[in-house]
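Student: Hi! I'd like to go through a structure with you, a bit at a time. Could you put it up?
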Amino acid sequence: MTEKIITIREALSSALREEMLRDERVFIMGEEVGVWGGTYAVTRGFLDEFGARRVRDTPISEMVIAGAAVGAAMAGLRPVAEIMTINFAFVAMDAIVNHMAKVRYMFNGQFTVPMVIRTTTGGGKQLAATHSHAPEVIFAHFPGMYVAVPGTAYDAKGMLKAAIRDDNPVLFVEHSTMLQRRSPVPVDDPDFLLPIGKSDIKRTGKDVTIVTYQKGLEWSTQAAEMLAQEGIEAEIIDLRWLRPLDLEPVFESVKKTNRAVIVEESLPMFNVGAEVAAQLQEQVFDYLDAPVKRVSAMDQPLPYAANIELMALPDAQKVVKAVKEVL
Amino acid sequence: MAAPKKDTLLDWYRQMVLIRRFEEKCAELYQQGKIGGFLHLYIGQEATGVGVVSALRDHDHIITAYRDHGIALAKGMEPRRVMAEMLGKRTGTSGGKGGSMHLADREKRFWGGHGIVGGHLPLAAGIALKARYLEQDEVVVALMGDGATNIGYFHESLNLSAVWDLPVVWLIENNGYGMGTAVERASGQPELVKRAIAYGMREGPRVDGMDVLAVHEAVSEAIAYAAKHGPVLMESLTYRFEGHSMGDPQRYRSKDEVARYAEGDPIGRFRTYLDGKFKNVLPELDEIERQVQATIAEAVEFAENSPEPTYEDLVSFVYA
């Protein structure tokens with residue numbers, strides 16, 4: 001298998017393109033996906049290649065972008081709807097939570113909803129409070145749908161292809177500041193798929209388990225390198241999916257390290273760390289040698305000014321500090 | 001339009017009576033505590049439901065909101081399985097998981113039965129998109145109450161359908177009230193069909209929703225238009241004789257008003273029409289009434305004797 005180092009943007013783009021070539025029922029709809037080429041340039045060139053039937057620009061109408069995708073999926077198509085940023089997904093909350101995720105159950109399996117909503121998340125770009133969230137955990141609250149949070153180009157490609165082929169609705173969350181990140185990705189395998197709901201050990205270590213995803217993966221990796229210089233070996237587990245949430249590797253890791261730190265960009269109240277910490281005490285309480293620590297954004301809205309925005313977000317130093325507190 | 005044959009007209013009559021008696025029985029079972037949750041009766045609106053469904057071609061689709069029993073029965077869903085759903089039984093059309101507001105039959109192209117006001121409107125657009133995408137000659141008829149015209153879903157869905165030329169007949173079942181708020185108190189432009197102008201779509205008629213023939217004809221025309229040219233917005237002016245849902249004290253309207261509308265009862269009107277059109281038809285209509293009563297009795301018996309859902313039902317169909 002040939003691998004090539006590509007960006008997350010290229011990985012997403014090639015995943016979409018391959019799936020559209022493979023299956024005529026797959027199409028794209030959303031704001032600026034066509035003529036503009038995607039606000040993050042993921043669908044650049046798609047309109048020329050696939051035409052306006054399969055690359056559909058929509059009005060600024062998140063409720064109907066999500067809701068019409070649900071209807072099209074129920075009727076047998078496989079929409080990939082794009083909601084420009086997850087901040088705008090709040091406008092479509094009812095379509096996503098009440099319809100996309102529930103329509104199958106409520107009608108006792110009469111309907112299947114094979115669709116993906118792609119969206120971007122994350123702060124750190126001086127966009128002020130309403131545009132600076134990493135609130136994907138909210139959507140992970142609801143059964144009936146999946147939430148994908150890839151942190152590398154390799155994962156982005158294999159997970160997006162798997163999401164498009166799966167018969168369940170997937171909210172596919174991409175981090176807006178990570179699209180240029182590069183990693184080796186298989187390029188000549190049109191069936192390169194990663195399993196739905198599997199976390200991944202991104203770094204092995206014996207001293208502490210860091211549970212994280214997406215931007216947190218970056219901070220944690222930097223922190224692990226800093227800690228390594230002091231002889232502390234951190235194991236990093238990338239969740240990759242918030243639902244299904246795969247914590248088995250986390251439990252196994254904590255049995256070995258006896259310490260856990262959870263790192264994420266979301267707000268601290270009721271976040272991923274809260275869930276992981278609760279499950280750790282349920283499953284591996286006897287193995288824990290220290291309280292589970294969480295690193296997240298501060299519990300307040302994000303500001304515009306760069307210096308105080310960064311203050312409110314996690315970073316590698318904050319991860320290092322948390323790790324040292326549990327050692 | 002060629003006048004429908006006698007058999008067809010009598011079948012419409014049968015459907016209207018079936019809906020009426022079914023709803024009366026539901027009210028009774030609700031009072032007895034056998035039906036739970038919300039119960040929104042279709043009594044008074046039968047001519048609209050039957051007129052719309054009779055206008056659908058075989059491959060057309062229909063979707064509606066939570067006042068859905070009439071559409072389900074007119075679409076030919078089995079009364080006993082619909083009744084079993086009311087009673088929360090595992091033989092129900094949604095296995096007892098959906099209840100009164102969530103009836104659907106995928107095979108019959110009836111897409112529900114949806115409980116969130118306006119939430120089904122984008123679904124209608126999406127189903128119509130499937131037809132356009134695959135170049136199929138199919139139309140979606142999306143029913144909604146007058147109250148749904150003031151939620152954002154309405155605006156976004158109608159606009160998208162116009163931009164994409166989707167084959168949808170947007171049909172407002174205007175029964176005068178969104179819950180207890182009169183249309184004039186809720187809409188700056190109470191002539192709701194005029195909103196079509198804002199979307200650059202075909203402004204359909206405001207049809208007399210208490211006249212099954214008029215509804216049938218107007219919807220048939222709208223479907224023919226939508227199949228060729230894109231979306232239509234139309235209204236069926238109707239009236240619900242019962243409250244918004246069971247337990248509605250109806251402080252927002254007078255008994256006189258309800259009585260006035262009851263004089264124009266769509267079933268009574270249709271019966272008079274049939275009596276004028278066909279000789280000695282009344283005994284046939286009475287026989288239909290008896291058959292319907294038997295159907296309802298059988299439906300209730302089936303539902304009452306059906307098993308309740310199990311743990312396996314509770315946890316099934318969360319995911320595909």
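Predicted model: local features only at pLDDT ≥ 70, side-chain atom pairs only at ≥ 80, totals over all residues.

Student: Got it. What is the phi of A:Phe270?
Tutor: The phi is positive, about 60°, although A:Phe270 is not a glycine.

Student: And is A:Phe270 buried or exposed?
Tutor: A:Phe270 counts as exposed, because its relative accessibility is 71% and the cut-off for exposed is over 50%.

Student: Which residue in chain B has a positive phi although it is not a glycine?
Tutor: B:Asn280 has one, with a phi of about 50°. You'll find B:Asn280 in the loop between α11 (266-277) and α12 (282-305) of chain B. B:Asn280 counts as exposed too, at 68% relative accessibility.

Student: Nice. Back to chain A: which peptide bond is cis?
Tutor: The one from A:Arg243 to A:Pro244 is cis, with omega near -5°. A:Pro244 belongs to the loop between β12 and α10 (248-257) of chain A.

Student: You mentioned β12. In what order do the strands of its sheet run?
Tutor: The order is β3-β2-β4-β5-β7-β6-β12 in chain A, an open sheet of 7 strands with mixed pairing. At the edges are β3 (55-57) and β12 (241-243) of chain A, each pairing on one side only. From one strand to the next, the twist averages 20°.

Student: Which helix packs on that sheet?
Tutor: Helix α1 (residues 8-22) of chain A does, and it touches β2 (26-30), β3, β4 (78-83), β5 (116-121) and β7 of chain A. The direction of α1 makes about 130° with that of β2(A).

Student: How many bridges join β6 to β7 in chain A?
Tutor: There are 3 bridges between β6 (residues 146-148) and β7 (residues 170-175) of chain A, and the two strands run parallel. If you want to look at a pair, A:Ala148 has A:Phe172 in β7(A) as its bridge partner.

Student: What about the open sheet in chain B, how many strands does it have?
Tutor: That sheet has 5 strands in the order β1-β2-β3-β7-β6 (chain B), and the pairing is parallel. Its edge strands are β1 (61-63) and β6 (202-208) of chain B, each of which pairs on one side only. Inside it, 6 bridges join β3 (residues 168-174) to β7 (residues 232-237) of chain B. B:Asn174 stands opposite B:Leu237 in β7(B).

Student: Switching topic: which residues of helix α13 of chain A are buried?
Tutor: In α13 (residues 316-326) of chain A, they are A:Ala316, A:Val319, A:Val320, A:Ala322, A:Val323 and A:Val326. They lie on the same side of α13(A), because they cover an arc of only 165° around the axis.

Student: What covers them?
Tutor: The cover for the buried residues of α13(A) includes β10 (208-212), α9 (215-229), β13 (260-263) and β14 (293-295) of chain A.

Student: And what happens at the start of α13(A)?
Tutor: There, a side-chain oxygen of A:Asp315 comes to within 3.1 Å of the backbone nitrogen of A:Gln317.

Student: Last one: how much area do chain A and chain B bury between them?
Tutor: About 3,700 Å², with 65% of it on carbon and sulfur atoms. A:Met63, A:Tyr105 and A:Asn108 supply 18% of the area that chain A buries against chain B, more than any other three residues. In terms of contacts, 45 residues of chain A meet 41 residues of chain B.

Definitions and conventions
Residues numbered from 1 in each chain as written. Chains lettered and ligands numbered in written order. Heavy atoms only, no water. Buried < 20%, exposed > 50% of the residue type's maximum accessible area, 1.4 Å probe, protein only. Helix = DSSP H or I, 4+ residues; strand = E, 2+ residues; numbered from the N terminus. Arc of directions from axis to C-beta. Contact = heavy atoms within 4.5 Å. Polar contact = N/O pair within 3.5 Å; in protein donor to acceptor, adjacent residues only side chain to side chain. Pairing = 2+ DSSP bridges. Axes fitted to C-alpha atoms, helices over the stretch in contact; angles between N-to-C directions. Buried area = accessible area lost by both parts, 1.4 Å probe.
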